[in-house]
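Please examine the sequence and the model shown below before reading on. The notes that follow are arranged by topic.

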Amino acid sequence: MIHASLKDLAAALAAKKISSVELTQLYLDRIERLNPDINAYITVDAEKSLAQARAADERIAKGETGPLTGVPIAQKDIFCAKDWITTCGSKMLGNFVAPYDAHIVEQFNRAGAVNLGKTNMDEFAMGSSNETSYFGKVKNPWDRERVPGGSSGGSAAAVAARLAPAATGTDTGGSIRQPASLCGLSGLKPTYGVCSRYGMIAFASSLDQAGPMAKSAEDLALMMNVMAGFDQRDSTSLQRENEDYTRDLDKPLAGLKIGLPKEYFAEGLDAGVAQAVQEAIDQYRKLGAETVEISLPNTRLSIPVYYVLAPAEASSNLSRFDGVRYGYRAPEYTDLLDMYSKTRAQGFGAEVKRRIMIGTYVLSAGYYDAYYLKAQKIRRLIAQDFEEAFKHCDVIMGPAAPGTAFKVGEKTSDPVQMYLEDLYTIAVNLAGLPGMSIPAGFSNGLPVGLQIIGNYFSESRMLGIGHAFQQATDWHTKAPAGIE
Amino acid sequence: MQWEVVIGLETHAQLQTNTKIFSGASTAFGAAPNTQACEVSIALPGVLPVLNKEAVHCAVKFGLAINAEIAPRSVFARKNYFYPDLPKGYQISQYELPVVGKGSLTIQVGDSEKTIRITRAHLEEDAGKSVHEDFHGMTGIDLNRAGTPLLEIVSEPDMRSAAEAVAYAKKLHELVQWIGICDGNMQEGSFRCDVNVSVRPKGSDKLGTRREIKNLNSFRFMQQAIEYETRWQIETLEDGGTIQQATVLFDPETGETRAMRSKEEANDYRYFPDPDLLPLEITSDYISDVKQSMPELPEAMKARFEQEYGLPAYDASTITSSRGFADYFVSATAAFGGEAKLVANWLMGTLAAKLNEEGLDISASPVSPDHLAGLLKRIQDGTISNKIAKEVFDAMWTGEGDADAIIESKGLKQVSDAGAIEKIVDEVLAANAAMVAEYKSGKEKAFNGLVGQVMKASKGKANPAQVNEILKQKLA
């Protein structure tokens, strides 16, 4: 049961082979047993989850079944969920009980899914290893000495350790794709604007996008059918017809043109990862796809550009955490300024402070043009790289991360090394394109992810491309040892 | 040395929308603290702004009213600073690309007209309020006002006296009400002005260092503050001092301005485009639609009044200085049916003085346009004199009824019966032999004295023209 696909779970629920309460309880028991070590969840509230499960069972009894009715789903702790503590991985919101639901949470509630708990994450989604969480690091279920990636590391570890059938994540620079890669999962970052950001705690507004993390491309498609859609409360949400993300799952690959950016197979890529990715691409050739070499010449600029723009937006987005209205407030202070500085000094962790300071600096009078404006210009060049590339291919493939899961503590002393983790993912956010990572094999016993980058709104085609690979291979069905 | 003062204004007009500029919370004034603060108003984690289209409509109306360019694309930016009543830690405003570009407004100071250039007008959200009373060393925060839509209107430094600045502010105040985008209530802060003042030697084309007087909420304070500030700056310079750029507050108690913070302490606001909001795009079709729905503007109405009613330019300008006045004039003139100039005289004279004296808006005038028209009819047909008319007007003001009823009940009807007047004249001549003698010896002035006596004896009711005529006959 714990390895079952969402489709099979829904079928079992609809056929009343198992109730939502039983299924939820099964996962709650597993969480109770395994989470103390893996630390994938920050908040678990059995009573709330089971109440939702009971409601789902009632719906099922009345025959009101949808594809996710009664299915437990883990929510990244960046999404506000009414009456749930919503921390965003920070001490700053350690006591914050959200009084409203994020759009994504509302959508799952409407679909009858069960909120299984709030998953761990890097503080305010700033990190690539889940080591910046105030609520402790998350262990990679494949090797508990190693990190699960980040920032959606809790969601990745939860699904990989079968502590949830599927989970939500968010991706600002790779925060869904890199942990999916490091934990052997499928993860999709949709086109910017496809999923509403309302109720999703902002890190960098122009880059943040919610997406699903699951065991297979097919599961991702079912999750997307719930998560995607226009929301008038988010001005950057795109007003378009709802689509069925499962519609291209069985589309044949013959004639598919895959672009391979030479910059993604250059220096900095781990040899084992390179090999697994090449083998996956060979598999696509066998399935009838053609490959063509392409170039994304500004790839090398994506990290510096990102580390100007994302901190700039973050420095402003995080100003609301001032101790005045909600969240953490320093217990002692002498005056207003002292209250602000103590609250923020004590409430934020080191990485968040580093990014607030970088962001504040690049927006300052006298530096704005040299950093912020210049970065915006390069951002356009990066988007143009993709525009040009898609004239020659249908999708782009390459590694999702430069290596496999690294050891806890290995990169924490060198932020720049940590930032390089997102070398292949960041440009996709800067361009607003959809990107996906699917399991492509292993290197030294650790999962390797294949990244598939599509053109705007090509998610359903990308999911089909992922699904075809997963029909021909079994990498996505592998589970780590020691999670029984 | 001769000094010249240079003044520019930044005005915040609160827009008359039902809901806030970026959320659905109500904008009504005076509700219990924080009862109009939705999740967006209090900036909960994860909330996002959505632009209120009505606020854009207001801004476009204003742009059209001052003949400004309406930007086809304008951008909302974040102004970052920390303050307890600023919930997000930034204010959403417009910075590099405002919705309304260069326009102008023509003001009247004394007999001359002057055109004041308007640099720009942009949309932004208001902050909440910090409340210091009743909290014993703590500060209360009321976020009802947070997110209320404002239009910030920035003028060029085109004004050269407190009188010009006040005339501009009044004209702007009337205009925003005229086009229905702001209720103009200065007490409630719906219309507030920051005034930039600097001085320079007359003839110099270089601007002096300016100080900004913040948050003036009455025209009288504005006048006083500018006058004080101007004197202070001139005295400082004449004493060999220099002016430091600063923000100052006006204290109505002392009539003085004092520095609040200097430039060095000023914030670096780190403006950048708000990534939560798309650029505001306004099509020419939208602008034409708004144009269609605009009321006739004061300038056009003024020209029409000169033409249609034959009013002098000064009268037409005064009457169209407010929508209320103009509407009153049109109604009264229609009801009167006589000479429009007479309506204008009463409107600008007696009625305006009385309203001013009691601090009333014309919409609250106890004398309605119909009542005034009724009074003017009786002047026109000679039933009462101008002098008696003032008495009737006062009675109408205190609610004693319409003109005819008051004339009747008080017996104020003008005496035009030649026999009756002759009788009074005879009595007056008999009783004032000395004056008659003076007149006859060539002192023309004595004649006026005799007219006065006749009028007095008739309790003001005698027809003055007839009195003149009869007196002249008798004394001839």
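**Briefing on the predicted model**

Across all chains, a search of the whole structure finds 47 salt bridges. The model is predicted. Side chains of opposite charge can pair when their charged atoms come close.

**The interface of chain B and chain A**

- At this interface, 31 residues of chain B are in contact with 38 residues of chain A.
- About 2800 Å² of area is buried between chain B and chain A, and carbon and sulfur atoms give 58% of it.
- Pro45(B), Phe82(B) and Arg270(B) supply 23% of the area that chain B buries against chain A, which is more than any other three residues.
- The rule finds 18 residue pairs in polar contact across the interface, both residues of each pair being at pLDDT 80 or more.
- On the side of chain B that touches chain A, the elements giving two or more residues are strand E3 (76-80) and strand E14 (272-273) of chain B.
- The rule finds 1 salt bridge across this interface. Arg197(A) and Asp276(B) meet through their side chains in a salt bridge, at 3.1 Å from N to O.
- A network of salt bridges links Arg197(A) and Asp276(B) with Asp234(A), Arg78(B) and Asp274(B).

**Salt bridges within chain B**

- Asp126(B) forms a salt bridge with Arg145(B), and their closest N and O atoms are 3.3 Å apart. Asp126(B) lies in the loop between strands E6 (112-125) and E7 (129-131) of chain B, and Arg145(B) in the loop between strands E8 (140-142) and E9 (149-155) of chain B, so the pair ties together parts that are 19 residues apart in sequence.
- Asp126(B) is buried, with a relative accessible area of 7%, whereas Arg145(B) is partly exposed, at 25%.
- Lys302(B) and Glu306(B) meet in a salt bridge of 3.9 Å, N to O. Both residues lie in helix H5 (residues 298-309) of chain B, 4 residues apart, or about one turn of the helix.
- Lys302(B) counts as buried at 13% relative accessibility, while Glu306(B) is partly exposed with a relative accessible area of 30%.
- Asp394(B) and Lys354(B) also meet in a salt bridge, at 3.9 Å from N to O. Because Asp394(B) lies in helix H10 (residues 386-397) of chain B and Lys354(B) in helix H8 (residues 340-358) of chain B, the pair ties together parts that are 40 residues apart in sequence.
- Lys354(B) is buried, with a relative accessible area of 17%, whereas Asp394(B) is partly exposed, at 38%.

**Buried regions of chain A**

- In helix H5 (residues 153-160) of chain A, 8 of the 8 residues are buried, so this helix is largely enclosed by the rest of the structure. Just after H5(A), Arg162(A) takes a positive phi of about 60°.
- Asn298(A) is found in the loop between strand E8 (290-294) and helix H9 (302-317) of chain A. Asn298(A) counts as buried, at 17% relative accessibility. Leaving aside neighbours within four places in sequence, Asn298(A) is in contact with Leu381(A), Ile382(A) and Asp385(A).

**Surface features**

- Tyr361(A), Tyr367(A) and Tyr371(A) make a nonpolar surface patch of about 280 Å². Tyr361(A) lies in helix H11 (residues 350-363) of chain A and is partly exposed, with a relative accessible area of 38%.
- Ala476(B), in the segment after helix H15 (464-475) of chain B, counts as exposed at 88% relative accessibility.

Notes:
Residues numbered from 1 in each chain as written. Chains lettered and ligands numbered in written order. Predicted model: local features only at pLDDT ≥ 70, side-chain atom pairs only at ≥ 80, totals over all residues. Heavy atoms only, no water. Patch = residues over 30% accessible without salt bridge, like charges linked within 9 Å, V, L, I, M, F, W, Y side chains within 5 Å. Areas by Shrake-Rupley, 256 points an atom, 1.4 Å probe, with all protein chains shown as cover. Salt bridge = Lys/Arg side-chain N within 4 Å of Asp/Glu carboxyl O. Buried < 20%, exposed > 50% of the residue type's maximum accessible area, 1.4 Å probe, protein only. Contact = heavy atoms within 4.5 Å. Buried area = accessible area lost by both parts, 1.4 Å probe. Polar contact = N/O pair within 3.5 Å; in protein donor to acceptor, adjacent residues only side chain to side chain.
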